[in-house]
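Dear colleague,

I am passing the structure below on to you, and after it I set out what I found when going through it. Please read the notes with the structure open beside them.

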Amino acid sequence: MLLFMADQMRADCLGAAGHPVIQTPNLDRLAREGTLCSRAYVQNPICMPSRATLFTGRYPRSHRVRTNGVPLPTSEVTVADVLTGAGYHTASFGKLHFTPTGAPPEPHLKESNQLWRDHPEELAAWHGPYYGLKHVELSSGHNFPGGHYGAWLRREHPAALPLFKQDAALRPPTGAHGSWKSALPVELHASTWITDRTIEYLQSRTSTEEPFFAVCSFPDPHHPFAPPAPYAELYDPADVPLPHSRGEELDSLPPHFRQHFRGGWTRRGPVEAERPEGLPEAHLREIIAHYYGMISLVDHSIGRVLDALDRTGLAENTLVLFTSDHGELLGDHGLLLKGPFLYEGLVRIPLLWRLPGRVRADATMDQLAGHVDVMQTVLDLVGVEAPAGVQGQSLAGTLQTGDGSGLRPWVLTEYHTGYDPDLGLKQLRTDRYRLTYYGHPHFGELFDLQADPHEERNLFHDPASAGLRHQLTTMLLDALIATEDPLPPQISFA
C-alpha cells in the first residue's frame, strides 16, 4: 500500500474535481484509474488531531489528540501497527506530526525541532520504530529544514539553508501575507527530497515478496505560500478565480467571527486563521497563485512516484490512496488558513483510491465519508482484521460496487482549542445540511447546503427553521452517542 498525503489542500483544488485553472495531471490520473470520494470530510480541521484520526480510525475525543501540541498516546493502535503485525514492512517519508514540533526536547518526542537542534547526529541516525512504522525519515515544519530532511540539507547542501527565509526571495516580497517566491532550488525542496526517498524505497521492495505500507507525506501546500521556481510563476494571479467572500451578516454568526473580523481574536497558538479583510485583491490573487503552484509541485512529485511504481512492476498489486489532513479557507468568507470556522473549504478534503480489480476505475463516490473511515477501509481492502476500538465504517464495498446504501447518513467534525475564548465545536454534516453546535443557546450555525452552497445564510435562529434545527440537534446527539469510545473492551459481565 502507498499513502500519499498533502497538508492543507482543499478538495476543490483538483482538475478531476472540475477546477478551471489548477493543473493536477497526476492526481487526475489517479482519479481516472480509481475512485474519487467527492464528499470526504475531516473529523478535525487541525493537523495533529486529523492525522491521528486518519492513522487510528478513531475520533479525536477517543484518541485524545484534541488539538495541535498534544502527542498521540503510544497506547493508540495505528494502521502501521496493524500492518506491521500482519507481516508488512512499514515506512514513512516526510511529515507525520504525531508529536508536536514545538515540544520540549524529550527523547520520545521525535518531531521536536528543539530535540533535533540539541541532538542532530543521534537523531539523523535514528529511523524508528515510530508509532508502528519500522522505518521513518521525517520532514517537520513548513518551508523549514526540519527532521531528517534538514539533517540531509545541513550535511549535503549547507549553503541552501539561508534560502528558506523571506528576505532571500527570488523577487522582493509584495507584502502579501506569508507569500513570496522561494529562492530554494526545487531539487532541494522538501517535496523533492520526500519523493526521492520514497522512490528509493519502492525500488528496494522489488527484491522481496514482503508486502509494504509506505507513507509519502508532503508538508505543502500549507502556508507560508512560498513555492520555488518554476512553480512560483506557473499561475498568473490575474487568471485565478477569486473566492466567494462574504464579510457580512456577522450578527448571525457566533461571537468569535465578529472578534476575528474586528481584530479582537487573541492568538495563543499556531492554528489561528488570518484576517484578510482589507487585503488588496492583488495580494489575495498572489496568495492563491502561489498556493496553486505548491499543489502542482506536490502533483508533479506524486507523478514521479507513480511512474516508479509502474517501472518496478508494483502498481498492479498496490493500493494507492491520496488525501490531505484538512483544507484551506483561502479567502472564503474573508478568511485565510484554518481555525474554528468550519466551512466546506476547510473541512472537505480530497480522497482518492486506486486498486486494480478492487476499486472502480473512473468513478466518483458521492456518499459522505471521513478520515475516520480510512483505516477500516484499508484493512478490508488488504484483507487484515481491524483491532478493537476502530470507529470508522468500511468504504470497501462502495468503492468496489458503487452501492452506498449501508453507509451512515452523516459525518462528524470536532474542534477544540485553547484560544480565548475556549471553543468546543461539534459539527454534523448530512446529505443536505450542516449544523455546528457550540453548546450555547444564543449562537450556532445551520446551513442548507443545497439551497445555499456558499454557506451565506445562517438559519440557526430562523423561526421557520426551528423544527429542522431541533431535528438536526437530536441527530447530532444520536451520532455522538453512537460514536462513544468503545475502549477499553469489556472482558466479562462482572
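Histidine 371 sits in the loop between β11 (369-370) and α12, where helices (H or I, at least four residues) and strands (E, at least two) are DSSP runs, numbered from the N terminus. This is a predicted model, in which local features need pLDDT of at least 70 and side-chain atom pairs count only at pLDDT 80 or more, while totals for chains, interfaces and linings use all residues. Residues are numbered from 1 along each chain as its sequence is written, and side-chain values use heavy atoms, with hydrogens and water left out.

At 0% relative accessibility, histidine 371 counts as buried; the term buried means under 20% relative accessible area, exposed means over 50%, and partly exposed lies in between, with a 1.4 Å probe and protein chains only. Not counting residues up to four places away in sequence, histidine 371 touches Tyr41, Val42, Gln43, Ser50, Thr53, Leu54, Thr323, Ser324, Asp325 and Ile349, a contact being heavy atoms within 4.5 Å. With Ser324 there is also a polar contact, as the side chain of histidine 371 reaches the backbone oxygen of serine 324 at 3.1 Å. (A polar contact is a pair of N or O atoms within 3.5 Å; within protein, one must be able to donate a hydrogen and the other to accept it, and residues adjacent in sequence count only if both atoms are side-chain atoms.) Threonine 323, which is 48 residues from histidine 371 in sequence, lies 8.9 Å from it in space, C-alpha to C-alpha.

Turning to the sheet, 8 strands form an open arrangement in the order β5-β4-β6-β1-β7-β9-β2-β10, with mixed pairing; two strands pair if DSSP finds at least two bridges between them. The edges are taken by β5 (135-138) and β10 (363-365), each of which has a single partner strand, so one side of each is left without a neighbour in the sheet. From one strand to the next, the twist averages 15°. Strands β4 (residues 89-94) and β6 (residues 212-221) run parallel and are joined by 6 bridges, and the bridge partner of histidine 89 in β6 is phenylalanine 212.

Helix α8 (residues 190-204) lies across β1 (2-7), β4, β5 and β6, running at about 170° to β6. Helix α12 (residues 374-382), on the other hand, lies across β7 (320-324) and β9 (351-354), and runs at about 5° to β9.

Helix α10 (residues 281-311) has 31 residues and reaches 45 Å from its first C-alpha to its last, close to the 45 Å expected at 1.5 Å a residue, where the expected span is 1.5 Å times one less than the number of residues. Of the 31 residues of α10, 24 are buried, so the helix is largely enclosed by the rest of the structure. Just after α10, glycine 313 takes a positive phi of about 75°.

Some backbone details deserve a look as well. The peptide bond from glycine 128 to proline 129 is cis, with omega near 5°, and proline 129 lies in the loop between α6 (120-124) and β5. Tyrosine 131 is placed in the loop between α6 and β5, and has a positive phi of about 50° although it is not a glycine; tyrosine 131 is buried, with a relative accessible area of 13%. A cis peptide bond also joins aspartate 220 and proline 221, with omega about 5°, and proline 221 is found in strand β6. Aspartate 362, in the loop between β9 and β10, has a positive phi of about 50° although it is not a glycine, and aspartate 362 is exposed, with a relative accessible area of 61%.

Aspartate 452 lies in the loop between β15 (445-448) and α14 (466-482) and, at 10% relative accessibility, counts as buried. Leaving aside neighbours within four places in sequence, aspartate 452 is in contact with Phe447 and Arg457. Glutamate 484, in the segment after α14, is exposed, with a relative accessible area of 52%, and, with the neighbours within four places in sequence again left aside, is in contact with Arg61 and Gln391.

With best wishes

Definitions and conventions: Axes fitted to C-alpha atoms, helices over the stretch in contact; angles between N-to-C directions.
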